[in-house]
Amino acid sequence: MSRSRRLSAIPVALLLASAFVVAPGGDNAQAGPQTTQSTQAAQGPQGPQAESGPRATQACDSTNVAQNRPATASSIENGGTPASAAVDGNPGTRWSSAFADPQWLQVDLGSTQAICQVVLSWESAYGRAFEIRVSDNGTSWSTIYSTTSSTGGTQTLDVAGSGRYLRIHGTQRATSWGYSLWEVTVRTSDGGPGPVVPPTDPRNPDFGPNVYVFGPGTPQAEMQNRLNIISARQHTNQFGSERYATLFQPGTYTADVNLGFFTQVAGLGLSPDDVNLHGHVRVEADWLQQGDDPNNLGNATQNFWRSAENLAVTTPPGQIERWAVSQAAPYRRMHLKGAPEIQLWNGGDGWASGGLFADTKIDGRVVSGSQQQWFSRNSEFGSWAGSVWNMVFLGVNGAPPPHFPNPSHTVVGQTPVVREKPFLYIDATGSYHVFVPALRQNTSGTSWSNGPAAGSSISLSEFYVVKPGAPVATINAALAQGKHLLLTPGVYHLDDTIRVTRANTVVLGLGLATLQPDTGMAALTVADVDGVKLAGFLVDAGPVNSPVLIEVGPAGSAANHAANPTSLHDVFVRIGGGPQIGKATVSLRVNSNNVIGDHLWLWRADHGSAVGWDVNTAATGLVVNGNDVTMYGLFVEHYQQYETLWNGNGGRTYFYQNEMPYDVPNQAGWSSGPGALGWAAYKVADSVSTHQAWGVGVYSFFQTNPSIVASRGFEVPDKPGVRFHNLLTVSLGGVGTINRIINNTGGTSNTATQVNYLPSYP
C-alpha cells in the first residue's frame with residue numbers, strides 16, 4: 001500500500017554500553033510426535049528422515065552428564081536400592097525396581113542437552129525390552145532408542161536426540177525379578193566438533209549492538225538522547241538494513257518515543273502496567289509527500305514496519321496520542337492511560353491505510369480519521385469514532401455498534417480461538433524469560449486487564465540468541481537440541497533453510513529481525529507438529545526465486561492440532577522494494593491443520609528499488625492447504641495471480657485487505673483462465689465446502705494501464721457452507737475496474753462508482 005491512497009535496579013552489568021543484548025532457549029518446550037523403532041537402532045527426535053538438508057556430525061564428550069543429577073523411578077525394590085544409586089558414580093550401588101512391568105528410571109540433566117551416547121550397566125536382573133526416551137519438560141517424550149532383544153551386561157548405545165530429561169523405560173523383564181541398573185552414563189556432543197551452540201546466561205544475555213535496555217536508573221537525558229538518535233536515523237529509512245529494539249524494564253519513565261522504520265519499543269514486564277511511561281509512544285505522518293504539493297507531508301500510507309508492545313503510556317495532561325500508520329505496524333498489548341484520544345492519522349487531511357490493535361486497552365477515545373481500514377481484536381476502548389471503508393472489531397469491549405456499510409463497522413462479539421503473541425520479560429531477580437500466552441477460546445477484551453494472563457514462561461537459558469551472521473547450521477543445531485530462537489535485530493542472509501522440527505518451539509524476533517534467503521531456498525519451514533510459535537520477524541525475498549518463503553507443515557500434513565495449534569504473530573513478507581531484487585512464487589504456504597495467523601502482511605512491493613512486472617515476480621501471497629485454519633488481520637497485496645488461495649476446509653478470515661497489482665502491463669497477459677479478466681484477489685477452491693470471512697476488501701489501482709479490468713474481487717464456490725460477511729471493492733481514485741465484488745454479484749467499482757459494498761454472500 002502506498003496510496004490513498006540499564007538498569008540500576010537489575011544487574012548493574014547491563015547498564016554498560018547502554019545495555020546492548022541478545023540470547024538462546026525454553027524450559028517448558030515439549031517434544032512433538034515421534035516415530036518409535038522396535039529394532040536396536042538409534043534415531044533422531046523426530047524419527048528417521050525428520051530433517052532434510054545438511055546435518056552436522058558431532059563427537060561425544062567423555063563427561064557423564066547424568067552423574068549425581070536428580071533421579072526418580074517408577075518404583076524401588078527397597079530402601080537400599082534408590083534411583084539415585086544408578087547415577088552416583090559408584091559401580092557397587094544400584095537401583096532396582098518392583099517385580100512388575102513396565103518400570104522406569106529417569107534422570108534430570110538440568111537443561112536441554114544434545115545426547116549422543118547412553119551406557120547402561122545392568123545387574124543380572126536386566127530389561128529384555130526397553131526404550132530410551134527424552135523430554136524437554138518431563139511430560140511429552142520422544143523415543144531415541146528401542147529394543148526387544150537386549151542381552152544385558154554393559155550396553156554402549158549410540159543415539160541422537162536432545163532433552164533435559166532422560167528415561168529408561170522397561171516393558172519386558174528378562175528375569176522374574178525387577179529391573180536393576182548399577183550405573184547410567186549419558187554423554188553429549190556439546191564438546192565435539194561441528195556447530196557449537198553458545199549458551200545463554202538469562203541474567204546477562206548478549207542481545208547485540210542494536211538492542212537498548214533501559215532501567216529506572218538510566219539517566220533520563222541519556223535515554224532520550226538514544227531514542228532521538230534512533231528515531232532520526234529511521235525516520236525515512238524505509239528500505240535500509242538497520243534494525244533496533246528499545247526495551248524498558250519494569251518501572252516508571254519519562255520519555256518521548258517517536259518510532260521510525262524497523263524499530264520496536266516494548267516493556268519487559270509481565271503486564272503492560274509494569275512499565276509506566278509518561279510521555280508518548282507515537283508514529284507521526286510527517287515525511288511522505290501527499291498529492292502534488294511537496295509541502296504537504298501528511299501521508300501515512302508508507303509508515304510500515306514498526307511496533308509498540310507491552311507497556312502503559314500516560315500522555316501529558318490534555319495531549320492526544322498519534323499512531324498514524326499503515327501495514328505491519330502493530331500496537332499490541334498496550335495500555336494508553338492518559339490521552340483523551342488516540343488519532344490514527346495525521347489529524348488533518350492526511351491519508352493512512354490500515355493497522356492493528358490487539359490485546360490493548362485504550363481508556364479514552366479512538367479516532368480513526370482517514371484510516372481506510374483497521375482491525376481491532378481482543379481490546380478495550382473508551383469509545384470509537386470514525387470509519388472509511390472497512391473497520392473490523394473482533395472480541396472488542398467498547399466497539400461501536402455493528403453497522404455496514406455506512407459506517408462500515410463489522411463487529412463480532414467473541415474471538416473463537418486465539419493465542420496472544422509471546423513476549424520477552426525480566427523477573428524480579430533480573431532473569432529474562434519469554435512468556436507464552438495460553439490458547440483461549442470464545443473471548444472478548446484483553447488477556448491481562450482483569451488479572452495475570454494465563455500461560456507459561458520459558459527461561460532465556462533455553463533460547464539460542466541469534467545474531468546476524470550466525471550460520472544456519474548452528475541455528476538448526478540449536479533447534480535440533482530443543483532450543484528456541486530469539487532473533488536479534490538485523491538482516492540474516494541465509495544459505496539454507498531454518499528448519500523447526502520440534503513441537504512448541506518459539507521463534508521470536510526483536511526489532512523486526514529480517515530473514516533473507518539468498519540461494520532460492522525457503523527461509524523457514526515448520527514440521528507438522530503441535531504448538532510452534534513464529535513471531536515478530538520479516539522475510540525479505542532474495543534474488544534467486546524461492547518456490548516458497550515460509551512453509552508450515554510439509555505437503556500432505558494431516559495431524560489434528562486443535563488442542564495446540566501453531567500460530568504466527570506479526571510475521572511479514574516483502575518481495576522487492578529494497579536494494580536487492582526479490583523473487584518468490586509463494587510467500588506463505590500453510591499445510592498443517594488448525595493454524596492461527598495473527599496479523600500478517602504479505603507484500604509484493606509496488607514502490608522502491610528493483611520493482612517491475614518482470615522484476616520482483618511473485619505469484620501468490622498465501623496458500624492454505626490445511627483444514628480449520630483461522631486468519632486474524634490478513635493483509636496481502638500486489639501479487640500477480642491469486643493473491644490468496646484457500647484449498648482447505650473450515651477456513652475463517654476476520655479482516656482482509658488487498659490491493660491488486662499496480663503494474664499489470666496488459667489485459668491479455670493477466671487472466672486466471674478462459675472468460676476471466678485478471679485474477680481474483682481471494683480465491684476459495686471449488687473443492688472447498690466450508691469457509692467463512694468477515695470484513696473483507698479488495699482494491700484496484702491499475703496505474704500502469706488504467707484500462708485493466710478484473711472480473712471480481714472474490715471467487716468462491718456456491719455452496720451452503722461458504723459464506724462471506726461485509727465485503728467491499730474499491731477503485732482507488734477510479735484507476736482501473738473491478739467488475740463484481742464476489743463471483744457475479746455486487747456492483748462495479750470504477751471511475752464512476754469507486755466504492756461498492758455487499759453485506760453478505762450468498
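Predicted model: local features only at pLDDT ≥ 70, side-chain atom pairs only at ≥ 80, totals over all residues.

Colleague: What does the radius of gyration of the protein chain say next to a compact globule?

Modeller: The two agree: a compact globule with 762 residues would have a radius of gyration near 27 Å, and the protein chain has 28 Å. Along its principal axes, the C-alpha trace spans about 90 × 65 × 45 Å.

Colleague: And what percentage of the residues is buried?

Modeller: Of the 762 residues in the protein chain, 64% are buried.

Colleague: On to the sheets. What's the strand order in the open sheet of nine strands?

Modeller: That one goes S9-S10-S12-S14-S17-S20-S22-S24-S25, and the pairing is parallel. Strand S9 (211-214) and strand S25 (409-412) are at the edges; each has a single partner strand, so one side of each is left without a neighbour in the sheet. From one strand to the next, the twist averages 10°.

Colleague: Zoom in on S12 and S14. How many bridges do they pair over?

Modeller: Four bridges, in the parallel sense, between strand S12 (residues 263-267) and strand S14 (residues 306-309). If you want a spot to look at, Thr263 has Arg306 of S14 opposite.

Colleague: Now the open sheet of three strands. Is the pairing parallel or antiparallel?

Modeller: Antiparallel, with the order S27-S28-S30. Here the edge strands are S27 (423-426) and S30 (455-459), and each of them pairs on one side only. The twist in this sheet averages 35° from one strand to the next.

Colleague: How many bridges join S27 to S28?

Modeller: Four bridges, and the two strands run antiparallel, with S28 covering residues 432-437.

Colleague: Which residue in S28 is the bridge partner of Ile426?

Modeller: Tyr432.

Colleague: Remind me, what do strands of a sheet pair through in general?

Modeller: Backbone hydrogen bonds, and the pairing can be either parallel or antiparallel.

Colleague: Great, I'll go and look at both.

Conventions
Residues numbered from 1 in each chain as written. Heavy atoms only, no water. Pairing = 2+ DSSP bridges. Axes fitted to C-alpha atoms, helices over the stretch in contact; angles between N-to-C directions. Rg over C-alpha atoms; globule rule 2.2 N^0.38 Å. Buried < 20%, exposed > 50% of the residue type's maximum accessible area, 1.4 Å probe, protein only.
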